[in-house]
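This report covers a sheet, a hairpin and a nonpolar core. Please keep the sequence and the model in view while reading.

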Amino acid sequence: QVRLVESGGGLSQPGGSLALSCVASGDIAFVNYMGWYRQTPGKQRELVAKVSGGEVATYADSVKGRFSISTINIDNRVFLQMNSLKPEDTAVYYCFANYRAKGTISDVWGQGTQVTVSS
């Protein structure tokens, strides 16, 4: 069974920084991409950033220039550095991974971690 374990997040003042990390464990042959979504009450989950195994990164327009995603492929880890935080960044952030194992491609999600930006 493949699991994602997240860490980081918490409370920040506007303009501050927080970091998230996520590691995938289990029977994984290859991770195609990993990244982060976020969700606030009453809204759909939205992509924040993702990075492929070849380290090509994609960002939501709302976080470009402020957030940076990176990965350590050999450990199946992904990091999200969040700078210049805004109150609208407040959300539950979910790590996800698209991976190959036993001849199939699957998605897995983390349990979510709260990020709150408030003065």
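## Basis

The model is predicted: local features need pLDDT of at least 70 and side-chain atom pairs count only at pLDDT 80 or more, while totals for chains, interfaces and linings use all residues. Residues are numbered from 1 along each chain as its sequence is written, and side-chain values use heavy atoms, with hydrogens and water left out.

## The four-stranded sheet

An open sheet of four strands runs in the order β1-β3-β8-β7, with antiparallel pairing. Strands here are DSSP runs of E with at least two residues, numbered from the N terminus, and two strands pair if DSSP finds at least two bridges between them. At the edges are β1 (3–8) and β7, each of which pairs on one side only. Neighbouring strands of this sheet are turned by 15 degrees against each other on average, direction ignored; the angles are taken between axes, which are lines fitted to C-alpha atoms, and run from 0 to 180 degrees between N-to-C directions.

## β8 and its partners

β8 pairs with β3 in the antiparallel sense over six bridges, and Ala19 stands opposite Gln81 of β8. The pairing of β7 with β8 is also antiparallel and has six bridges. Within β8, Arg77 is the bridge partner of Ile72, and Leu80 is that of Ile69.

The covered face of β8 carries Val78, Leu80 and Met82, and the uncovered face carries Arg77, Phe79 and Gln81.

## Two residues with positive phi

β7 and β8 form a hairpin with four residues between them. Asn76 sits in this loop, between β7 (67–72) and β8 (77–82), and has a positive phi of about 55 degrees although it is not a glycine. Asn76 counts as buried because its relative accessibility is 17%; buried means under 20% relative accessible area, exposed over 50%, and partly exposed in between (1.4 Å probe, protein chains only).

Ser84, in the loop between β8 and β9 (91–101), has a positive phi near 50 degrees and is not a glycine either. Ser84 counts as partly exposed because its relative accessibility is 41%.

## The nonpolar core

The largest nonpolar core has 30 residues, and those with the most contacts inside it are Met34, Trp36, Leu80, Met82 and Tyr93. Such a core is a set of buried Ala, Val, Leu, Ile, Met, Phe, Trp, Tyr and Cys residues joined through side-chain atoms within 4.5 Å. At least two of its residues come from each of β3 (18–25), β4 (30–39), β5 (46–52), β7, β8, β9 and β11 (113–117). β9 supplies the largest share, six residues.
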